Amino acid sequence: MSTETLEKKVCYHCGENCTSGKIHLQEKIFCCDGCKLVYEILSENNLCTYYDLNTNPGVVQKIKIREDKFAFLDDENIIRQLIQFTDGNQTHITFYLPQMHCSSCLWLLENIHRVNQGVVTSKVNFTKKEVFLVFDNAKTTFRKVVETLTAIGYEPHISLHELNTNHVKKTDKTRLYKVGVAGFCFANIMMMSFPEYLVADGEVEANIRQVLQYFIVAFSLPVIFFCATEFFIIAWKGLKHKFLNIDAPIALAIAITFGRSLYEIFSHTGAGYLDSMSGIVFFMLVGRILQDKTYQSISFDRDYKSFFPIAVNVLKDNKAVPTQIDQIKSGDIIQVYNNELIPVDCILSKGKAEIDYSFVSGESLPVIKEPGEIIYAGGKQMAGALELLVVKEVSQSYLTNLWNKDVFKTKEENSNSFIHGLGKYFTFLVLGIAAVAAAYWYAHGEPKLMWNTITTVLIVACPCALLLSSTFTNGNILRILSKNKMYLRHPDVIENISNINQLVFDKTGTLTQQSNVKVTYTGKTLDEAEQINIASLLAQSSHPLSKAVVDFLNKNTIVSIENFKETAGKGIEGWIEDKYFKIGSYEFVYGTSNKKPNNSVVFVKVDNEVLGDFKIVNNYRFGFNQLMEVLKCKFTISVISGDNNAEQQKLHSILGKEAEILFHQKPDDKLNYIHHLQEAKHKNVMMIGDGLNDAGALKQSNVGIAITENSNNFSPACDGILDAAQFSNLDRFIQFAKSGKRIIMTSFVLSVLYNVIGLYFAVQGTLSPLIAAILMPCSSISIILITYGMSELSAWKIGLNKT
């Protein structure tokens with residue numbers, strides 16, 4: 001037996017604590033050979049500026065990449081489905097790199113050509129964590145480019161999803177072009193309308209006035225026939241389904257304004273309202289651009305294909321042949337390696353299987369599988385290479401069947417939005433006022449005043465203010481939320497959040513941190529030597545509970561142990577300094593079954609004496625207790641988990657005895673529970689989860705929020721993505737979303753007051769079209785300023801405003 005004491009140091013590459021100082025180069029210490037290898041590669045290519053830009057900027061490289069991992073990228077059929085362009089000489093490709101996180105990453109990736117000479121150019125989109133590469137086919141290959149990126153710590157995420165979608169993602173800039181055209185036309189029309197605003201009748205020559213008006217008509221044509229088309233299209237779609245949405249009265253007002261303006265200009269009876277029309281179109285398009293901008297770089301619609309690899313090795317004639325996932329057949333024998341996902345339902349044929357199902361079932365501890373047992377798709381192998389006999393193809397696997405539930409196929413849009421309801425009643429009211437006023441003037445023999453009244457009423461009382469207030473308020477709310485790392489997929493989600501009265505949480509990975517646990521020791525006081533011996537023996541085990549206890553003991557002294565035996569899933573035993581240590585489960589240590597089993601307790605026995613036990617519990621996210629205290633006063637709270645019930649008592653003590661807490665819940669159980677709350681208890685449910693096992697419940701709920709350690713990392717389909725670091729602010733986000741409805745209503749009331757004053761003069765036929773034309777853009781600008789100011793003030797009061 002040998003003992004050595006080490007000083008704590010951090011890895012020069014990634015910043016991880018180094019448990020030993022044995023891996024070093026020159027004066028630099030590394031936590032693993034992988035980090036050292038990356039440093040050597042960068043040093044050889046004079047790229048050590050990477051370390052000057054940020055301290056310890058790298059990503060930990062403890063998982064060794066096997067040599068043939070990317071052999072499937074030699075398949076031309078697969079390559080054709082991944083690349084964006086090739087002319088035989090050069091190839092263009094975009095990779096998603098989830099490891100990208102700082103300026104050092106950006107600098108290194110844009111200098112990748114110094115590591116692989118075949119790379120012609122590289123451009124980084126830091127927001128989307130993507131790198132666009134062009135490489136020379138004569139100097140390198142697709143596979144070598146991927147291996148180069150992996151070697152320096154930036155393994156591209158290449159999944160089955162890329163083979164089932166168009167890889168070239170084109171950004172639709174149509175609305176952006178519309179805003180540009182509308183703004184240009186609006187500015188020119190306003191400029192040419194100044195004589196009408198500032199000069200009395202007769203002071204401008206008739207010919208000049210006529211030429212200006214014709215130019216105004218010319219500038220209005222792109223606005224009505226290009227920029228405003230989406231309002232007419234959406235309105236028509238709503239009418240076809242017998243639904244009057246907010247775009248219908250907007251489209252009607254635009255059409256009447258345009259028609260009345262053409263009549264006045266060509267009949268020489270007035271100047272028209274084309275300046276107001278173009279201004280309204282411009283402002284409403286800007287509002288919608290603001291909404292779109294917030295979530296264009298976040299993916300909310302991932303399915304199981306986004307998590308599956310493209311190919312695995314299939315054993316044929318004792319040779320490993322890389323094969324596409326969708327070409328694997330029942331009866332094939334596949335190879336799955338350490339830290340890789342199992343893509344199909346299969347039977348373990350060979351190897352030691354420790355399967356992490358936390359992302360599929362929610363179970364926090366790995367499941368030990370013996371040869372002959374079935375392993376379901378979606379689990380991750382944590383302990384070496386396996387050979388597996390395929391029993392179901394990927395299209396028929398458990399995980400695929402979960403994703404084929406009806407709830408994933410359609411999700412009803414929010415057609416009952418209070419905006420559409422207000423717009424509908426407001427439209428009927430305005431049309432009624434216009435009809436009554438028209439009938440009055442017609443009965444009094446004033447047809448000219450009749451038409452003037454109809455058009456003026458529709459222009460003055462146009463519900464544009466309602467649409468503007470909703471689009472700009474929602475757009476600003478989305479912007480502020482995204483600044484605080486809460487990303488919503490659509491403005492309707494804001495209104496849905498404001499109606500929530502039930503919160504349902506997943507436990508594992510949502511309320512708790514999967515990578516961090518809390519360990520407490522109960523029993524006889526352990527001296528320093530005993531702690532070192534226990535840590536040294538448990539260090540020989542790969543089980544997560546063993547690793548947790550080793551980290552808890554935090555010993556720098558290492559004891560070499562040769563005589564030990566590990567029983568998979570049970571415990572480990574061995575001789576140290578003539579003492580017999582037995583560490584593991586209750587059954588393993590005591591030799592009898594426990595009447596109250598707890599899978600998260602590690603017992604320690606030395607010779608014939610049980611010294612005590614280590615209890616491992618999930619470490620809840622920062623601010624969990626305080627957050628629950630606030631939320632349980634406002635909402636009904638439930639917790640549904642696929643994990644065991646070891647945390648039940650703790651959760652009840654925090655959430656209260658009335659809280660419903662369910663364990664051992666399968667994905668179908670979670671989905672059905674949400675459906676039960678909605679149908680039987682008439683609840684508006686917000687579900688907060690993180691794994692594929694939560695996907696059905698997230699989709700079924702009124703609002704589904706996926707919590708993730710990285711907003712660009714992989715999360716199930718959802719309505720919103722919440723950065724895990726912001727979990728403690730969930731109550732503030734809900735409160736802020738609720739304020740949006742109040743802001744919209746306030747601005748709408750102000751616009752109604754303006755409309756009442758305008759209508760008073762309009763129904764009398766005394767409000768000139770010129771005054772109406774000036775008032776419309778003024779009203780629009782005031783609504784924009786009011787909604788922006790109120791949303792900023794609300795965010796500041798809640799404590800969310802970040803600019």
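The following is a conversation about how some terms apply to a predicted model.

Modeller: Local features here need pLDDT of at least 70, side-chain atom pairs count only at pLDDT 80 or more, and totals for chains, interfaces and linings use all residues. Residues are numbered from 1 along each chain as its sequence is written, and side-chain values use heavy atoms, without hydrogens and water.

Colleague: Why does Ala251 count as buried?

Modeller: Buried means under 20% relative accessible area, exposed over 50%, and partly exposed in between, with a 1.4 Å probe and protein chains only. Ala251 has 5% relative accessibility, so Ala251 counts as buried.

Colleague: Where is Ala251 found?

Modeller: Ala251 is in helix α9, residues 247-266; helices are DSSP runs (H or I) of at least four residues, strands (E) of at least two, numbered from the N terminus.

Colleague: With which residues is Ala251 in contact, leaving aside neighbours within four places in sequence?

Modeller: Those are Phe231, Phe232 and Ala235, where contact means heavy atoms within 4.5 Å.

Colleague: Why does Leu431 count as partly exposed?

Modeller: Leu431 has 35% relative accessibility, so Leu431 counts as partly exposed. Leu431 lies in helix α12.

Colleague: What makes β6 and β8 edge strands?

Modeller: The open sheet has the order β6-β7-β9-β8, with antiparallel pairing. β6 (85-86) and β8 (119-125) each pair on one side only.

Colleague: How many bridges join β6 and β7?

Modeller: β6 and β7 (residues 90-96) pair in the antiparallel sense over two bridges. Two strands pair if DSSP finds at least two bridges between them, so β6 and β7, with two bridges, count as paired.
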